[in-house]
Amino acid sequence: MPSKTTKPSPIHERELTSPTTLSGVRNGKPTLAMNPDAHGWSRTPVLDTALYNGPGAWGRNKRWEYWGIMTPTHIIGITISTLDYAGVCQFYLVDRETYASMDFEATAPFARGVDLPSTYAQGDASFTSKRLTQKIVHSQDATHRTTRITANGVNRPRFEDVGHNQVVSVTDRAMLDVTIERPLESEALHVVVPWSANRFQYTIKEPALRAHGRLVTNKGTYYFGDDDDKSFAVLDHGRGRWPYSMVWNWAAGSGVVDGKLIGLQLGDKWTDGTGSTENAIIIDGKLTKISEELAWEYDRKNWLNPWRVKGSCIDATFTPVYERIAETSLLVLSGETHQCFGTWSGVYRHPDGTTFSLDGLEGWAEEARNRW
């Protein structure tokens with residue numbers, strides 16, 4: 001049934017424009033508490049997000065890099081993350097014609113093999129294990145920022161019935177090499193969400209990033225992005241210190257509509273009551289913040305029914321075509337995510353009075369429940 005029926009509520013949010021720290025600082029070192037001056041949002045990465053890891057903090061720190069990529073042939077996800085006591089990493093892909101999927105996953109005790117910089121783009125991110133390796137490398141020249149993502153996954157052999165009383169051994173393998181470039185002046189949504197003095201989260205959401213590269217699977221080699229207008233990447237970067245349990249919604253859309261490159265970013269539940277929202281639209285690289293708690297409606301009994309997100313400036317409908325369910329059940333870590341992929345429609349009304357169509361944006365909408 002509908003998840004949320006409350007009316008949209010405006011929020012007063014502060015834009016951060018000067019460099020500062022996410023954590024409080026004492027004697028030049030991060031402390032357990034959040035820096036109050038970090039509460040707000042920005043268009044560029046102005047925060048040093050190094051986290052204190054002493055008494056009261058270890059085991060609650062959460063760091064991740066997630067990239068969602070949609071091409072004409074595949075849906076791709078890359079995750080490198082740490083929870084202090086574990087590294088949780090993944091490379092998955094879904095064939096958009098057959099919806100056949102491959103998942104390459106690894107959980108590393110005490111995050112062995114995981115390397116994540118404390119602050120965005122101040123170093124590479126990587127994970128290395130026997131069956132999964134991933135690397136995220138940032139670079140910059142006079143005009144552009146570039147991110148190159150490589151991933152290699154191999155699963156244990158499995159048996160597959162091919163008919164005629166024949167069973168064959170199959171080993172799923174995949175390799176990804178993708179490059180994402182954007183002009184230096186392009187903007188993204190940076191948001192700090194405080195749940196309490198010692199529990200807080202910083203995220204970067206950057207949709208509608210043009211991507212090009214190649215994907216190699218058991219079925220062949222797929223090149224994308226060089227001559228199509230349908231290959232986009234979305235960044236989800238996070239650094240923070242979390243409570244035990246959390247529920248969130250996240251939705252993103254990317255595409256070219258009426259000659260405009262549009263990136264849609266929407267979030268809900270986990271920001272409620274914090275004085276922050278995770279809602280914005282990016283048009284041709286320029287971000288407009290949507291400072292409202294929007295009304296979300298979706299059917300938890302049938303996730304493939306249309307989703308709707310409404311506010312004073314936006315009325316967007318998401319029509320799913322595929323649902324990906326991700327479940328985790330470990331001793332101290334559990335989660336359930338319903339991530340639906342599909343197409344957006346609707347309108348966004350800019351503060352200057354211009355109305356922009358959202359019809360045809362591709363992306364996803366999800367609900368996640370997480371305990372750790």
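**Local contacts, strand pairing and nonpolar cores**

A polar atom of the side chain of serine 357 lies 3.1 Å from the backbone nitrogen of aspartate 359. Such a polar contact is a pair of N or O atoms within 3.5 Å; within protein, one must be able to donate a hydrogen and the other to accept it, and residues adjacent in sequence count only if both atoms are side-chain atoms. The model is predicted, with pLDDT of at least 70 needed for local features and 80 or more for side-chain atom pairs, whereas totals for chains, interfaces and linings use all residues. Residues are numbered from 1 along each chain as its sequence is written, and side-chain values use heavy atoms, with hydrogens and water left out.

Serine 357 belongs to strand E31 (residues 355-357); helices (H or I, at least four residues) and strands (E, at least two) are DSSP runs, numbered from the N terminus. Not counting residues up to four places away in sequence, serine 357 touches Val257, Asp258, Ile262 and Gly346, where contact means heavy atoms within 4.5 Å.

Arginine 60 is placed in the loop between strand E6 (47-48) and E7. Because its relative accessibility is 17%, arginine 60 counts as buried (buried, under 20% relative accessible area; exposed, over 50%; partly exposed, in between; 1.4 Å probe, protein chains only). A polar atom of the arginine 60 side chain lies 2.7 Å from the backbone oxygen of tryptophan 242. Contacts of arginine 60, not counting residues up to four places away in sequence, include Asp84, Arg199, Tyr244 and Trp372.

Lysine 62 is found in strand E7 (residues 61-70). Lysine 62 is buried but has no salt bridge, and the nearest side chain of opposite charge, aspartate 236, is 9.2 Å away. A salt bridge is a side-chain nitrogen of Lys or Arg within 4 Å of a carboxyl oxygen of Asp or Glu; Lys and Arg count as positive and Asp and Glu as negative, while His and the chain ends are not counted. The lysine 62 side chain does make a polar contact, at 3.4 Å, with the side chain of asparagine 370.

Asparagine 305 is located in the loop between strand E27 (295-297) and strand E28 (307-310). With a relative accessibility of 29%, asparagine 305 counts as partly exposed. Asparagine 305 touches Asp299 and Pro320, not counting residues up to four places away in sequence.

E28 pairs with strand E29 (residues 314-329) in the antiparallel sense over four bridges, pairing being assigned if DSSP finds at least two bridges between two strands. A hairpin of three residues joins E28 to E29, and valine 309 stands opposite alanine 316 in E29. E29 is also joined by 15 bridges to strand E30 (residues 334-349), the two running antiparallel; here glutamate 323 stands opposite cysteine 340 in E30.

The largest nonpolar core has 44 residues, of which Trp67, Phe91 and Leu176 touch the most other members. Strand E19 (residues 200-217) gives the most to this core, with six residues. Apart from this core lies another, of 27 residues, among them Trp41, Trp64, Met246 and Ala252. A nonpolar core is a set of buried Ala, Val, Leu, Ile, Met, Phe, Trp, Tyr and Cys residues joined through side-chain atoms within 4.5 Å.
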